[in-house]
Amino acid sequence: LQTDSAGYDPNKEEWYSIGYPIPYGKYTMALLLAPMDLKKNQPDLKKVGVEYVDLDLPTPEALQNVLDTTPLFFAKNIEPMPTYEARMAIHRGYFTYSILKITPNIDDVITAEDKGQIETLFFVLGAKPKPETASQGQPQYDIEVSFEVQKPDGSPAIKWQPQTYPSTLIDQTLPLKQTLKKGDKTEVQDLGTGKYNLVLKITDKVSTLTLEKRIAFEVK
């Protein structure tokens with residue numbers, strides 16, 4: 001990846017993603033970084049950096065009696081790509097899943113650019129399909145998720161009606177609007193600036209297993 005000199009900021013931190021499907025198991029990913037010698041069109045190995053990351057992809061058998069989720073995050077943008085990426089590629093500022101290009105909000109800071117809403121995307125792991133659909137190519141699930149925004153002291157700020165999903169992939173957009181009572185009247189207002197927690201209470205209605213997760217975020 002190259003950056004035009006006109007837009008290059010040496011003090012700006014950039015992040016990158018790579019992804020490739022691998023079987024369940026434990027792995028160590030080794031990543032070597034080296035600048036390119038553009039004149040020779042090859043890596044300049046005089047200055048390199050090496051990073052190791054341990055990965056543990058649990059098997060379905062390891063999640064028989066427990067629910068979990070993939071890491072929770074807020075998405076700034078999700079858009080379809082023309083085709084699925086068949087080869088491993090490196091991306092700056094976004095990652096891909098299937099045919100989706102996903103730009104995450106890695107700082108968990110909500111600003112005016114987010115148009116007064118948050119979107120979270122995750123998989124529920126360990127859920128059981130409905131028995132009558134378990135042998136089908138597209139099994140159906142019965143997963144209920146309650147979303148609530150809480151203040152740091154645990155008091156509620158926004159609470160939505162529980163939502164049910166037929167799939168283990170949950171993609172939910174939530175408007176950050178508060179309904180406040182003022183005397184005999186109610187007013188709907190944008191969530192004020194400050195720090196909050198998004199609390200998710202997940203129930204697999206087939207297995208009756210439950211799970212609570214939370215993401216801390218800030219509105220500016």
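This is a predicted model: local features need pLDDT of at least 70, side-chain atom pairs count only at pLDDT 80 or more; totals for chains, interfaces and linings use all residues.
I will start with the pockets. The largest pocket has a volume of about 2200 Å³. Its lining is made up of 50 residues, and Y20, L57, T70, P71 and Y97 are the ones nearest the centre. Sorted by class, that lining holds 33 nonpolar, 12 polar and 5 charged residues.

Which strands supply at least two residues each to the lining of the largest pocket? They are β1 (16–17), β2 (25–33), β5 (49–57), β6 (68–69), β9 (95–97) and β12. Of these, β12 gives the largest share, with 5 residues.

Next, the second largest pocket, with a volume of about 1100 Å³. There are 28 residues in its lining, and L1, Y16, L33, A34 and I90 are closest to the centre. The strands that each supply at least two residues of this lining are β1, β2 and β5. Here the largest share comes from β2, which provides 4 residues. By class, the lining of the second largest pocket has 17 nonpolar, 5 polar and 6 charged residues.

β1, β2 and β5 also each supply at least two residues to the lining of the largest pocket.

In soluble globular proteins, nonpolar side chains tend to be buried together. The largest nonpolar core in this model has 28 residues, and the members that touch the most others are V149, L176, L191, L198, I202 and F217. Two or more residues of this core come from each of β12 (117–125), β13 (143–150), β14 (156–159), β16, β19 (194–204) and β20 (210–219).

Take F217 from that list. Leaving out residues up to four places away in sequence, F217 touches V149, L176, L191 and L198, among others. The remaining contacts of F217 include F74, I110 and Y196, as well as D108, K195 and N197.

Last, Q172. This residue is in strand β16, which runs over residues 169–175. Is Q172 buried or exposed? Q172 counts as buried because its relative accessibility is 16%, and the cut-off for buried is under 20%. The side chain of Q172 makes a polar contact of 2.6 Å with the side chain of Y165. Beyond its neighbours within four places in sequence, Q172 is in contact with I118, E119, T120, F147, Q163 and Y165.

Note on methods. Residues are numbered from 1 along each chain as its sequence is written. Side-chain values use heavy atoms; hydrogens and water are left out. Buried means under 20% relative accessible area, exposed over 50%, partly exposed in between (1.4 Å probe, protein chains only). A polar contact is a pair of N or O atoms within 3.5 Å; within protein, one must be able to donate a hydrogen and the other to accept it, and residues adjacent in sequence count only if both atoms are side-chain atoms. Contact means heavy atoms within 4.5 Å. A nonpolar core is a set of buried Ala, Val, Leu, Ile, Met, Phe, Trp, Tyr and Cys residues joined through side-chain atoms within 4.5 Å. On a 1 Å grid over the protein atoms alone, a cavity is a set of points where a 1.4 Å probe fits but cannot get out, and a pocket is an open set with protein on both sides within 12 Å along at least five of seven lines; lining residues have an atom within 4 Å of a point. Grid points are joined across faces, edges and corners, and a volume is the space filled by probe spheres set on the points. Ala, Val, Leu, Ile, Met, Phe, Trp, Tyr, Cys and Pro count as nonpolar, Asp, Glu, Lys and Arg as charged, and the others, Gly among them, as polar.
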